[in-house]
Amino acid sequence: MSVSSSPRPLDREALRAGASVTLAFAVPPTLVARFVLDNNADTNGWAPLLSLIAVLGFVLGSGVAAWRQGSQRPMAHAVIAGAGVFVAAQAVFLVLRIATGGDVRIMRILTSFSLALVASVIGGLLGNFLQKNGPRPR
């Protein structure tokens, strides 16, 4: 039995698919929460609901990346897809916040990043389970 020391390359199509799903389902509720509700004193409980929807978007997108990958590295694909979208979206949000004179809340960003990472790991576990026990991705 030969053991190769070089890791298999990442599956770019799986990363693209996972990032696309994350972008579609996690970023819009985050946008609404950041730019509409942050500037409104009366949120009526919408912020926690939008945060939950965003976390579920990270789970879904990371799960897609883990499920579709073919290089036997589901967790790497899940975390890269989830964290990559988070970092890219937060960079844009940060620039917009600074440009509009809004306050930057570093602890909120770090907390959100932690939640996105946890959601990505959960999505990776679900995608890995689905890849092994469910239907094959096309």
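The structure is a predicted model, in which local features need pLDDT of at least 70, side-chain atom pairs count only at pLDDT 80 or more, and totals for chains, interfaces and linings use all residues. Residues are numbered from 1 along each chain as its sequence is written, and side-chain values use heavy atoms, with hydrogens and water left out. The chain has four helices and zero strands, where helices (H or I, at least four residues) and strands (E, at least two) are DSSP runs numbered from the N terminus.

**Chain as a whole**

- Along the sequence the pattern reads α-α-α-α.
- Of the 138 residues in the chain, 35% are buried; buried means under 20% relative accessible area, exposed over 50%, and partly exposed in between (1.4 Å probe, protein chains only).
- Taking contacts between residues at least 6 apart in sequence, 83% join residues at least 24 apart; a contact means heavy atoms within 4.5 Å.

**Helix 2 and helix 4**

- The axes of helix 2 (residues 46–68) and helix 4 (residues 106–133) come within 7 Å and cross at roughly 40°. Axes are lines fitted to C-alpha atoms, for helices over the stretch in contact, and angles run from 0 to 180 degrees between N-to-C directions.
- Helix 2 and helix 4 are therefore oblique to each other, since angles under 35 degrees count as roughly parallel, over 145 as roughly antiparallel, 65 to 115 as roughly perpendicular and the rest as oblique.
- On the helix 2 side, the residues that meet helix 4 include Val55, Phe58, Val59 and Trp67; their partners in helix 4 include Leu115, Ala119, Ile122 and Leu126.
- The residues of this contact divide into eleven nonpolar, eight polar and no charged. Ala, Val, Leu, Ile, Met, Phe, Trp, Tyr, Cys and Pro count as nonpolar, Asp, Glu, Lys and Arg as charged, and the others, Gly among them, as polar.

**Phe25**

- Phe25 sits in helix 1 (residues 12–37) and is partly exposed, with a relative accessible area of 46%.
- Leaving aside neighbours within four places in sequence, Phe25 contacts Ile53, Ala54, Gly57 and Leu60.
- Phe25 and Ile53 are 28 residues apart along the chain, and their C-alpha atoms are separated by 7.7 Å.

**Ser112**

- Ser112 belongs to helix 4 and is buried, with a relative accessible area of 19%.
- Leaving aside neighbours within four places in sequence, Ser112 is in contact with Arg34 and Phe86.
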